[in-house]
Amino acid sequence: MDNSFDFRKLGFIGLGAMGKPMLMHLANKLPRESQIYVFDVVEEAMDEVCKGFPSKVFKSTSAKNVAEQVDTIITMVPEGSHVRSVYLDPSNGICSADISNKLLLDCSTIDTATSLQVRDHVMQHFPTAAFYDGPVSGGVLGAVKATIAFFLGCAELDPNLERLTHLMKMMGKQVIPCGGPSLGLAAKLSNNYLSGVIAIACSEAFDMGMRSGLDPRTLARVYAAGTAQNTICDRFCPVPYVDAEAPSSGGYKQGFKVQLMRKDFSLALDMARRVGSMNVLGEAGLETYDGASKDDRCRDLDSRVVYRYLGGKEDWLAERKEE
């Protein structure tokens with residue numbers, strides 16, 4: 001494995017809401033002579049990033065085509081089925097190329113079984129390659145601001161940790177080694193389960209307080225000062241106009257889509273059942289996200305739109321100005 005931190009030949013597959021800003025940070029921060037080969041099923045997404053970095057980012061025809069040209073590959077796709085296709089498709093997948101000695105980092109949030117399946121395939125057929133799960137947390141806003149956290153499925157003594165950390169910190173703020181293969185994903189699913197539950201609880205708490213006559217800005221200060229303090233209230237407040245930068249204040253149009261939260265919540269519950277954890281809030285939470293993801297008022301919007309789904313008042317600011 002090349003120990004250089006220059007990443008002269010880097011591949012990036014998956015240019016969605018999270019992947020695109022992550023790729024742009026790399027394009028801005030890698031040395032001028034570095035070359036980044038990208039692939040996405042949406043050709044317009046590739047054209048856009050290539051146009052922005054014409055001498056550094058280059059369009060590829062497939063995941064295999066990326067793998068043939070680079071030493072390190074980052075993948076960021078929505079679901080386990082996409083990860084299997086990207087890596088294991090016999091004609092166009094990464095593993096249909098010779099990936100000996102290559103470093104592979106999957107930042108997708110998927111089920112642990114799929115990640116282990118891909119890793120086992122890589123280890124069996126290309127024993128000198130290295131595959132890691134490294135899902136991220138922090139949402140689209142965090143990806144844009146390069147403040148996301150990476151939960152890395154490797155041990156602290158792993159020989160590739162320093163190299164991986166250097167790469168990840170060009171895209172985010174924290175890298176947390178979680179112990180071994182698939183444990184980054186286990187950490188991420190646990191995190192998203194908790195985040196999803198908190199978003200529902202925040203929505204309910206704000207709603208009951210506002211219906212009692214409280215200004216949500218006052219409630220936000222109360223939560224921040226008390227034992228209810230949490231990141232959802234502080235940075236992703238589900239009530240519009242409490243925080244100008246929260247997705248809710250922009251019509252919930254930017255952020256972590258409610259369908260993706262529904263997916264991650266379901267994956268977390270599957271994991272909980274598999275390991276024998278009793279999650280008493282799980283089914284109620286999944287039912288809420290499932291309903292919101294199917295609601296035309298909420299679908300394709302940030303997951304904190306559960307506030308709308310649960311009947312929260314969004315026009316409170318205009319009403320207060322009229323008083």
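How are H8 and H12 oriented to each other, roughly parallel or roughly perpendicular? The legends below begin with that pair. The structure is a predicted model, in which local features need pLDDT of at least 70, side-chain atom pairs count only at pLDDT 80 or more, and totals for chains, interfaces and linings use all residues. Residues are numbered from 1 along each chain as its sequence is written, and side-chain values use heavy atoms, with hydrogens and water left out.

**View 1. Packing of helix H8 (residues 183-211) with helix H12 (residues 282-294).** The two helices pack at an angle of about 75°, with their axes 10 Å apart; H8 and H12 are therefore roughly perpendicular to each other. Axes are lines fitted to C-alpha atoms, for helices over the stretch in contact, with angles from 0 to 180 degrees between N-to-C directions; 65 to 115 degrees counts as roughly perpendicular and under 35 as roughly parallel. Tyr-193, Gly-196, Ala-199 and Ile-200 of H8 meet Gly-282, Gly-285, Thr-288 and Tyr-289 of H12, contact meaning heavy atoms within 4.5 Å. These residues divide into 4 nonpolar, 4 polar and no charged. Helices (H or I, at least four residues) and strands (E, at least two) are DSSP runs, numbered from the N terminus.

**View 2. The largest cavity and its lining.** Ser-115, Leu-116, Arg-119, Phe-131, Tyr-132, Asp-133, Gly-153, Pro-181 and Ser-182 line this cavity. Helix H5 (112-125) and strand E6 (130-133) are the elements that give two or more residues to the lining. The space amounts to about 30 Å³. A cavity is a set of points on a 1 Å grid over the protein atoms alone where a 1.4 Å probe fits but cannot get out, and lining residues have an atom within 4 Å of a point. By class, the lining comprises 4 nonpolar, 3 polar and 2 charged residues.

**View 3. Surroundings of Gly-153.** Gly-153 lies in the loop between E8 and helix H7 (161-168) and is buried, with a relative accessible area of 4%; buried means under 20% (1.4 Å probe, protein chains only). Leaving aside neighbours within four places in sequence, Gly-153 contacts Tyr-132, Asp-133, Gly-180, Pro-181, Leu-183 and Gly-184.

**View 4. Positive phi at Ala-146 and Tyr-252.** Ala-146, in the loop between helix H6 (139-145) and strand E8 (148-152), has phi near 60° and is buried at 14% relative accessible area. Tyr-252, in the loop between helix H10 (231-235) and helix H11 (258-275), has a positive phi of about 60° although it is not a glycine. Tyr-252 counts as buried, at 0% relative accessibility.

Notes: 1 Å grid on protein atoms, 1.4 Å probe; cavity = no way out; pocket = protein on both sides within 12 Å on 5 of 7 lines; lining within 4 Å. Points joined across faces, edges and corners; volume = space filled by probe spheres on them. Nonpolar A, V, L, I, M, F, W, Y, C, P; charged D, E, K, R; others polar. Parallel < 35°, antiparallel > 145°, perpendicular 65-115°, else oblique. Buried < 20%, exposed > 50% of the residue type's maximum accessible area, 1.4 Å probe, protein only.
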